[in-house]
Amino acid sequence: MGLPCRQIGDYAVTALSDGYLDCGLELLSPIDMEEAARMQRAANVLAPAAIHINCYLIRGRGRAVLIDAGAGGRKGWGGELPVRLRQLGVSAVDIDAILLTHAHPDHIGGLLDSAGQAAFPNAELLLSQRELQFWQDDGQMSRASERARGNFLIARQTFDRYRAGLRTFHSGEVWPGILAMPLAGHTVGHTGFLLASGAESLLIWGGVVHFPHIQIARPEVSIAFDQDAAIAAAMRAKLLEQACAESLLIAGMHLGEAGFARILRDGGGFRIDYENERGPKAASKGPSWAM
């Protein structure tokens with residue numbers, strides 16, 4: 001069975017499932033855990049407390065780019081990205097660049113191999129300047145919890161292994177045809193990536209949601225991993241409104257294995273639609289935030 005893929009202008013974008021991480025609905029707030037579980041059951045989610053992990057491979061114009069690299073098997077999370085790449089006949093040395101939405105372990109764990117070396121030796125590593133500064137800030141690390149300090153160490157080791165090809169950005173075009181969209185809240189430098197070509201658009205929105213059926217219906221619900229829950233919730237609500245109004249095709253690191261979806265109205269709120277991801281295209285002018 002082929003992997004989910006969409007053609008956006010010159011680029012073929014393939015969703016690569018890295019697997020899952022074990023979590024708990026109690027990390028969500030403000031929402032009653034029983035209500036969260038009910039919403040998952042109503043959506044026929046088989047493992048209500050598991051968070052799915054996606055990466056995305058973008059190929060075109062003679063180059064191959066990864067958006068995030070999954071968890072790499074750390075803590076038993078994910079680790080399936082290499083298998084997915086092999087399914088496509090793509091080797092780690094074929095990857096020209098890796099664009100990071102942010103530097104949590106489930107997004108950068110796959111950047112290092114079992115020996116702690118760069119898993120993608122020929123790739124540039126691109127991330128937000130604000131994101132890099134946060135993880136390199138000794139003051140932030142000293143104030144972090146013991147668990148979070150481990151995340152700082154993982155991020156720093158990863159950046160060090162890619163130091164020769166490390167490049168930062170603020171916003172705008174970061175790769176030909178790919179625009180960076182600051183989406184702060186989940187982390188200070190959390191970033192989405194927008195591909196837009198004429199009438200065709202795709203927003204890869206990173207970690208905007210972790211439990212899609214819950215947080216799209218209830219955008220005020222944040223997860224304990226959010227650095228600033230209030231900012232994350234406000235950003236999520238605004239983004240859902242825009243994605244719905246413009247019928248924008250979306251992709252996200254914690255959507256289901258289908259990888260691509262649209263946001264539809266549902267009464268006074270929203271719902272995710274994996275079934276209609278080939279529905280109406282965005283207006284030919286492209287999404288308003290890309291203008």
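This is a predicted model: local features need pLDDT of at least 70, side-chain atom pairs count only at pLDDT 80 or more; totals for chains, interfaces and linings use all residues.
## The open sheet

Seven strands make up an open sheet with mixed pairing, and their order is S1-S2-S4-S5-S6-S7-S8. At the edges stand strand S1 (5-8) and strand S8 (166-169); each has a single partner strand, so one side of each lacks a neighbour in the sheet. On average, neighbouring strands of this sheet are turned by 25° against each other, direction ignored.

Within this order, strand S4 (residues 50-60) pairs with strand S5 (residues 63-67) in the antiparallel sense, over 5 bridges. Tyr56 has Ile67 of S5 standing opposite.

Strand S9 (residues 172-175) and strand S10 (residues 178-182) run antiparallel and are joined by 3 bridges. Glu173 has Leu179 in S10 as its bridge partner. The hairpin of S9 and S10 has 2 residues between the strands, and Gly177 takes a positive phi near 85° there.

S10 is also joined to strand S11 (residues 191-197), by 5 bridges, and these two run antiparallel.

## A buried glycine

Gly207 is found in the loop between strand S12 (200-204) and helix H7 (212-215). Its relative accessible area is 3%; buried means under 20%, so Gly207 is buried.

Which residues are in contact with Gly207, leaving aside its neighbours within four places in sequence? They are His102, His186, His190 and His254. Gly207 and Gly192 are 15 residues apart in sequence, and their C-alpha atoms are 8.7 Å apart in space.

## Aromatic pairs

A pair of aromatic rings is described by two values, the distance of the centres and the angle of the planes. The whole structure has 5 aromatic pairs. In one of them, the ring centres of Tyr56 and Phe260 are 5.8 Å apart and the planes stand at 70°, so the pair is edge-to-face. Tyr56 belongs to strand S4 and Phe260 to strand S15 (residues 260-266), so the pair ties together parts that are 204 residues apart in sequence. Tyr56 is buried, at 0% relative accessibility, and Phe260 is buried at 0% as well.

Another pair is formed by Phe134 and Phe152: their ring centres are 5.3 Å apart and their planes at 35°, so this pair is tilted. It links distant parts of the chain, as Phe134 lies in helix H4 (residues 129-135) and Phe152 in helix H6 (residues 146-161), 18 residues apart. Both Phe134 and Phe152 are buried. Ring pairs also bring in Trp135, which forms a cluster with Phe134 and Phe152.

## Salt bridges

There are 9 salt bridges in the structure. One of them joins the side chains of Glu35 and Arg38, at 3.0 Å from N to O. Glu35 and Arg38 are 3 residues apart in helix H1 (residues 33-42), so about one helical turn separates them. Glu35 is partly exposed, with a relative accessible area of 27%, and Arg38 is partly exposed with 40%.

Glu124 and Arg167 form another salt bridge, with their closest N and O atoms 3.2 Å apart. This pair links distant parts of the chain: Glu124 is in strand S7 (residues 124-128) and Arg167 in strand S8, 43 residues apart. The side chains of Glu241 and Arg265 also meet in a salt bridge, at 2.4 Å from N to O. Glu241 lies in helix H8 (residues 229-245) and Arg265 in strand S15, so the pair ties together parts that are 24 residues apart in sequence.

Technical notes:
Residues are numbered from 1 along each chain as its sequence is written. Side-chain values use heavy atoms; hydrogens and water are left out. Two strands pair if DSSP finds at least two bridges between them. Helices (H or I, at least four residues) and strands (E, at least two) are DSSP runs, numbered from the N terminus. Axes are lines fitted to C-alpha atoms, for helices over the stretch in contact, and angles run from 0 to 180 degrees between N-to-C directions. Buried means under 20% relative accessible area, exposed over 50%, partly exposed in between (1.4 Å probe, protein chains only). Contact means heavy atoms within 4.5 Å. Rings of Phe, Tyr and Trp (its six-membered ring) pair if their centres lie within 6.5 Å; planes under 30 degrees apart count as stacked, over 60 as edge-to-face and the rest as tilted. A salt bridge is a side-chain nitrogen of Lys or Arg within 4 Å of a carboxyl oxygen of Asp or Glu.
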